[in-house]
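Hello,

Here is the structure I promised to hand over. Please open it first, then read my notes below.

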Amino acid sequence: MQQGKELPACPVETTLMLIGDKWKVLILRDLMPGTKRFGELKKSIGSVSQKVLTAQLRDMEEKGLVNRQVYAEVPPRVEYSLTDLGKSLKPILDAMRVWGEGYQAQNR
(Lines give C-alpha, C1' and ligand atoms only; values in the text may rest on other atoms or scores of the structure.)
Protein backbone atom coordinates (compact mmCIF):
# COMPACT_ATOMS: atom_id res chain seq x y z
CA MET A 1 0.00 0.00 0.00
CA GLN A 2 1.21 3.48 -0.75
CA GLN A 3 2.74 5.14 2.26
CA GLY A 4 1.88 8.70 3.21
CA LYS A 5 -1.21 8.89 1.01
CA GLU A 6 -4.40 9.99 2.73
CA LEU A 7 -7.29 7.58 2.48
CA PRO A 8 -10.85 8.86 2.15
CA ALA A 9 -12.78 9.17 5.41
CA CYS A 10 -15.59 6.99 4.03
CA PRO A 11 -14.79 3.24 3.94
CA VAL A 12 -16.99 2.73 0.87
CA GLU A 13 -15.02 5.41 -0.97
CA THR A 14 -11.78 3.69 0.06
CA THR A 15 -13.02 0.40 -1.41
CA LEU A 16 -14.09 2.15 -4.62
CA MET A 17 -10.68 3.82 -4.84
CA LEU A 18 -9.11 0.35 -4.86
CA ILE A 19 -11.53 -1.59 -7.10
CA GLY A 20 -13.96 0.98 -8.53
CA ASP A 21 -12.77 0.55 -12.09
CA LYS A 22 -14.60 -1.94 -14.32
CA TRP A 23 -11.36 -3.63 -15.39
CA LYS A 24 -10.09 -4.07 -11.82
CA VAL A 25 -13.23 -5.92 -10.80
CA LEU A 26 -12.89 -8.22 -13.83
CA ILE A 27 -9.19 -8.80 -13.06
CA LEU A 28 -10.13 -9.75 -9.50
CA ARG A 29 -12.87 -12.07 -10.81
CA ASP A 30 -10.46 -13.81 -13.16
CA LEU A 31 -7.67 -14.19 -10.60
CA MET A 32 -9.92 -15.55 -7.80
CA PRO A 33 -9.56 -19.17 -9.01
CA GLY A 34 -5.76 -18.86 -9.20
CA THR A 35 -2.67 -17.61 -11.02
CA LYS A 36 -2.85 -16.45 -14.64
CA ARG A 37 -0.38 -15.21 -17.19
CA PHE A 38 -0.89 -11.81 -18.86
CA GLY A 39 -2.16 -13.33 -22.11
CA GLU A 40 -4.66 -15.52 -20.26
CA LEU A 41 -5.99 -12.49 -18.39
CA LYS A 42 -6.28 -10.42 -21.57
CA LYS A 43 -8.15 -13.24 -23.31
CA SER A 44 -10.53 -13.92 -20.40
CA ILE A 45 -11.36 -10.23 -19.88
CA GLY A 46 -11.93 -9.58 -23.57
CA SER A 47 -12.12 -6.05 -24.90
CA VAL A 48 -9.48 -4.46 -22.62
CA SER A 49 -6.41 -3.09 -24.40
CA GLN A 50 -2.94 -4.32 -23.48
CA LYS A 51 -1.99 -0.82 -22.31
CA VAL A 52 -5.01 -0.48 -19.99
CA LEU A 53 -4.63 -4.00 -18.59
CA THR A 54 -0.94 -3.36 -17.86
CA ALA A 55 -1.75 -0.06 -16.12
CA GLN A 56 -4.54 -1.64 -14.03
CA LEU A 57 -2.34 -4.57 -12.99
CA ARG A 58 0.49 -2.22 -11.99
CA ASP A 59 -1.90 -0.10 -9.93
CA MET A 60 -3.35 -3.16 -8.23
CA GLU A 61 0.16 -4.45 -7.51
CA GLU A 62 1.14 -1.08 -6.03
CA LYS A 63 -1.93 -1.15 -3.79
CA GLY A 64 -1.17 -4.66 -2.56
CA LEU A 65 -4.01 -6.54 -4.26
CA VAL A 66 -2.05 -8.39 -6.95
CA ASN A 67 1.29 -10.19 -6.92
CA ARG A 68 3.43 -10.14 -10.08
CA GLN A 69 5.96 -12.96 -10.45
CA VAL A 70 8.59 -12.72 -13.20
CA TYR A 71 10.49 -15.86 -14.20
CA ALA A 72 13.98 -15.57 -15.68
CA GLU A 73 13.24 -17.46 -18.87
CA VAL A 74 13.52 -16.66 -22.55
CA PRO A 75 11.04 -15.32 -23.39
CA PRO A 76 10.28 -13.99 -19.90
CA ARG A 77 7.22 -15.48 -18.21
CA VAL A 78 5.11 -13.26 -15.96
CA GLU A 79 2.32 -14.58 -13.76
CA TYR A 80 -0.25 -12.68 -11.73
CA SER A 81 -2.02 -13.86 -8.60
CA LEU A 82 -4.02 -12.30 -5.81
CA THR A 83 -2.39 -11.41 -2.53
CA ASP A 84 -4.20 -12.28 0.70
CA LEU A 85 -5.59 -8.73 0.63
CA GLY A 86 -6.88 -9.28 -2.91
CA LYS A 87 -8.42 -12.63 -1.94
CA SER A 88 -10.20 -10.91 0.95
CA LEU A 89 -12.39 -9.14 -1.65
CA LYS A 90 -14.08 -12.46 -2.57
CA PRO A 91 -17.23 -11.83 -0.47
CA ILE A 92 -17.70 -8.48 -2.23
CA LEU A 93 -17.38 -10.07 -5.68
CA ASP A 94 -19.69 -12.94 -4.64
CA ALA A 95 -22.30 -10.40 -3.49
CA MET A 96 -21.98 -8.52 -6.80
CA ARG A 97 -22.49 -11.79 -8.73
CA VAL A 98 -25.60 -12.72 -6.71
CA TRP A 99 -27.06 -9.24 -7.09
CA GLY A 100 -26.32 -9.28 -10.85
CA GLU A 101 -27.98 -12.66 -11.27
CA GLY A 102 -31.12 -11.35 -9.54
CA TYR A 103 -31.15 -8.24 -11.68
CA GLN A 104 -30.69 -10.28 -14.87
CA ALA A 105 -33.53 -12.63 -13.86
CA GLN A 106 -35.91 -9.68 -13.33
CA ASN A 107 -35.01 -7.96 -16.58
CA ARG A 108 -35.13 -10.72 -19.16
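**Glycine 64 and its surroundings**

Glycine 64 sits in the loop between α4 and β2. The model is a predicted one. Start at this glycine and look for threonine 83. Setting aside neighbours within four places in sequence, glycine 64 is in contact with Thr83, Leu85 and Gly86.

**The chain as a whole**

Now step back. The chain has six helices and three strands. From the N terminus on, the order of elements is α-α-β-α-α-β-β-α-α. Along the principal axes, the C-alpha atoms fill a box of roughly 50 × 40 × 25 Å. Of the 108 residues in the chain, 29% are buried. The accessible surface comes to about 7400 Å². Carbon and sulfur atoms account for 55% of that surface. Take the contacts between residues at least 6 apart in sequence: 47% of them join residues at least 24 apart.

**The sheet**

Next, the strands. They form an open sheet of three, in the order β1-β3-β2, and the pairing is antiparallel. β1 (36-37) and β2 (66-71) are the edge strands, each pairing on one side only.

Follow β2 into β3 (residues 77-82). The two run antiparallel, and six bridges join them. Tyrosine 71 has arginine 77 of β3 as its bridge partner. Arginine 68 stands opposite tyrosine 80, also in β3. A hairpin of five residues links β2 to β3. Proline 75 is in that loop between β2 and β3. The peptide bond from valine 74 to proline 75 is cis, and its omega is near -5 degrees. For context, most peptide bonds are trans.

Glutamate 79 is worth a stop. This residue lies in strand β3. Is glutamate 79 buried or exposed? Its relative accessibility is 18%. The cut-off for buried is under 20%. Glutamate 79 therefore counts as buried. The side chain of glutamate 79 makes a polar contact with the side chain of arginine 77, at 2.9 Å. Leaving out residues up to four places away in sequence, glutamate 79 touches Thr35, Lys36, Arg37, Asn67, Arg68, Gln69 and Tyr71.

Go to α2 (22-31). Eight of its ten residues are buried, so α2 is largely enclosed by the rest of the structure. Those buried residues are Trp23, Lys24, Val25, Leu26, Ile27, Leu28, Asp30 and Leu31. Look also at the start of α2. There, a side-chain oxygen of aspartate 21 comes within 2.7 Å of the backbone nitrogen of tryptophan 23.

Then take α3 (residues 38-45). Its buried residues are Phe38, Leu41 and Ile45. They span an arc of only 65 degrees around the axis, so they lie on the same side of α3. What covers them? The cover for the buried residues of α3 includes α2, β1, α4 (50-62) and β3. Glycine 46 follows α3, and its phi is positive, near 100 degrees. As a reference point, most residues other than glycine have a negative phi.

**The core**

Last, the inside. How many residues does the largest nonpolar core have? The count is 22. Ile45, Leu53, Leu57, Val66 and Tyr80 have the most contacts inside this core. The elements giving two or more residues to the core are α1 (11-19), α2, α3, α4 and β3. Of these, α2 gives the most, with six residues.

Apart from neighbours within four places in sequence, valine 66 is in contact with Leu31, Leu57, Met60, Glu61, Tyr80, Ser81, Leu82 and Thr83. Threonine 83 is also among the contacts of glycine 64.

That is the tour. Over to you.

Best wishes

Key:
Residues are numbered from 1 along each chain as its sequence is written. This is a predicted model: local features need pLDDT of at least 70, side-chain atom pairs count only at pLDDT 80 or more; totals for chains, interfaces and linings use all residues. Side-chain values use heavy atoms; hydrogens and water are left out. Two strands pair if DSSP finds at least two bridges between them. Helices (H or I, at least four residues) and strands (E, at least two) are DSSP runs, numbered from the N terminus. Buried means under 20% relative accessible area, exposed over 50%, partly exposed in between (1.4 Å probe, protein chains only). The arc is that of the directions from the helix axis to the C-beta atoms. Contact means heavy atoms within 4.5 Å. A nonpolar core is a set of buried Ala, Val, Leu, Ile, Met, Phe, Trp, Tyr and Cys residues joined through side-chain atoms within 4.5 Å. Accessible areas come from the Shrake-Rupley method with a 1.4 Å probe; for residues, only the protein chains shown count as cover. A polar contact is a pair of N or O atoms within 3.5 Å; within protein, one must be able to donate a hydrogen and the other to accept it, and residues adjacent in sequence count only if both atoms are side-chain atoms.
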